[in-house]
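Reader: I am new to this structure and would like to learn how to read its features one at a time. Could you take me through them slowly?

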Amino acid sequence: MQNILTHNLSKLKLLSNSNLKKLNLISTIRLISFLAFVSFCILAYIYPKGINFIFLGISLTVFGWFVREYTRLSHFQERLLSLQTVFEREKNRADMNMEVLYRGNPIQVESLSKNHYHNDLDIFGKNGLYFYLDTTFTLGGQEAFFSELTRENSPTKESIFQRQKEISELGKRRKITYKIFRYLNEISLSGGYAKINWKKFPSGSLEFFQSYPFLPYLFRVWIVFAWIYFLVSFLLELPSFFALFVLFNLAITAIGFKKKNLILQKYKEVFEKFSQLESLFVYLHKTKFKEESLSEFFPKKNLSKTKFLFKNLNRIVDKLSFTSSPLLRFILNFFFLFDLWILSEIKIFEEKFGKEPENLFRNLEYLDSILPFANFLIHNEKNSFPIFNPKLGSIEAKNISHPLIPKEKRISNDLEKTLFGETVLITGSNMSGKTTYLRTIGVNVVLALAGSSVCAESLQLPVLKILTSIRNEDSMLEGISFFYAEVKRIANILEKSNIPNEPSLILIDEVLKGTNTRERLIASRAIMNQIAKTKSISFITTHDLELAKRGKKLKLKNFSEIVKSGKIDFDYKIRNGVVKSTNALKILSSEIPTLRF
């Protein structure tokens, strides 16, 4: 993927530079043709001969053609730069340049409880899954994407399967996905990092005319009558009533002026933003999606209807632009009661199209929310889609790896079939990969529940709730010790794992590491026995080798170091059984040679 992106970026830069040279050349020729036009104007004025007027017409035609060509190439240059921005962002993603992708956690993170898995599995933060995946441009799309990664409620097998089909198509049809990115990038700020905060269409025009039911009829009759009378009075030299006209218009303009102003301002913000999406919606309607649900969002049969909607909308947007100038708006209201005409057109638009604009944007927000997972598949072509089976009481994976580790450094491991009630107890040396293995399982299950592909050759699982205790912290402000923080997390896990009909995946790193060995062993065995009674699949790491000697439904796995030429190395591969060696003293002696044991 890196090679493809690098190649595309090189081509885009060459094309952009070439187009820029054309723009500079056409700009120069345009200036020369304009000066020629002015010269022929002067010449035709001084010497009004036919030949001079012919040259005047030719120079004007040439100038007009170059103006149009400059405009066309300028728009093309904007598209090239927009696509270049998209490819540069994806190049950073492919290179795992997380510092560039990171833009601060979304505010929704604050609403997550301390017991949520997001901190343990590194969903957020500078090196988090969220920023590696995030391609959303709309606020609604971002919120839906956030919900998929921080799942509070278990999805259904049907909803997951539906999303898998949609994500699979968009991931395999890279050109469609990147063209959507380009369209959205053109109308967004900061390359998608400032989300398009689109609000639903306000209904103020209907409410306004309901408050003043006489206005829709009165202002039309009055304006038409007044201007016809002015025309007739001018032709027939009849007495005018201009003073009355002025007073009447000022009086009607003053009716509900503050309310009108607020309504028009809201419409201006929403309509202008929405009208910029016309090209994208037309493209989506023209695209032949293979997946039926995607076709239903943007059916080809609705193309003409959507074009007609935007034709009406753009006409209103053009008129709303006049309200930006207070003086021009006053003059238009003074002579034509302009605000009422716009509100009347908006009212007709709302009655004609109803919720259609809102539905279009809601569909776009949903599409925006699944594109990060489609793009994840584009960057990881060897990914597979997990198989969900509600009757399957186990989890199993082949060659599963962590998506946030660069491809050239990823070490894949198998996840042996593990049943409900079973605990995989993982022993191992320091830095050998135990915690990373837990996070690998957790992150891939998060992706699987979102309908995404996963970094595994295969993954089979039921729909699971994720419960973790990996990164516990003490709190001086709350007066909570490290051990007490651990206990609270484990108490939460035991409580939630006992909820009927909600199977769980439990991930615990170094169970009760905040207390002494003797009490830790007693408490850890009790905790593991209680977990074994629940409808859960648990993975627990420990340094306590004694813990592996007794326990119900235990599967023993380990990670260990490799000693090469007296130096410690790791292969990060999981093995059966209990680890046979430890490395704490070796690491200490290698880093602090003066220590004596």
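Reader: How many aromatic pairs does the structure hold?

Author: Before counting, note that this is a predicted model, in which local features need pLDDT of at least 70 and side-chain atom pairs count only at pLDDT 80 or more, while totals for chains, interfaces and linings use all residues. Residues are numbered from 1 along each chain as its sequence is written, and side-chain values use heavy atoms, with hydrogens and water left out. Rings of Phe, Tyr and Trp (its six-membered ring) pair if their centres lie within 6.5 Å, and planes under 30 degrees apart count as stacked, over 60 as edge-to-face and the rest as tilted. By that rule the structure holds 27 aromatic pairs. One of them joins Y183 and Y283, which form a tilted pair, 5.7 Å centre to centre with 40° between the planes.

Reader: Which helices hold Y183 and Y283?

Author: Helices (H or I, at least four residues) and strands (E, at least two) are DSSP runs, numbered from the N terminus. Y183 lies in helix α7 (residues 174-187) and Y283 in helix α12, so the pair ties together parts that are 100 residues apart in sequence. Both Y183 and Y283 are buried, where buried means under 20% relative accessible area, exposed over 50% and partly exposed in between (1.4 Å probe, protein chains only).

Reader: Why is the pair of Y267 and F271 called edge-to-face?

Author: The ring centres of Y267 and F271 are 5.2 Å apart and their planes stand at 90°, so this pair is edge-to-face. Both residues lie in helix α11, 4 residues apart, which is about one turn of the helix. Y267 counts as buried because its relative accessibility is 0%, and F271 counts as buried because its relative accessibility is 0%.

Reader: What covers the buried residues of α14?

Author: Here contact means heavy atoms within 4.5 Å. The cover includes α11 (257-275), α12 (278-286), α16 (338-353) and α17 (356-379). Among the buried residues of α14 are L303, F310 and L320. Helix α14 (residues 303-320) has 18 residues and reaches 25 Å from its first C-alpha to its last, close to the 26 Å expected at 1.5 Å a residue, the expected span being 1.5 Å times one less than the number of residues.

Reader: In what order do the strands of the 4-stranded open sheet stand?

Author: Two strands pair if DSSP finds at least two bridges between them. In the open sheet of 4 strands the order is β1-β5-β2-β3, with mixed pairing. β1 (387-388) and β3 (413-419) stand at the edges with a single partner strand each, so one side of each is left without a neighbour in the sheet. β1 and strand β5 (residues 458-461) pair in the parallel sense over 2 bridges, with F388 opposite L461, whereas β2 and β5 run antiparallel and are joined by 3 bridges.

Reader: Which strands form the open sheet of 6 strands?

Author: Its order is β6-β7-β8-β4-β9-β12, and the pairing is mixed. The edge strands are β6 (465-469) and β12 (575-576), each pairing on one side only. Strand β4 (residues 423-428) pairs with strand β8 (residues 536-542) in the parallel sense over 5 bridges, and T423 stands opposite S538 in β8.
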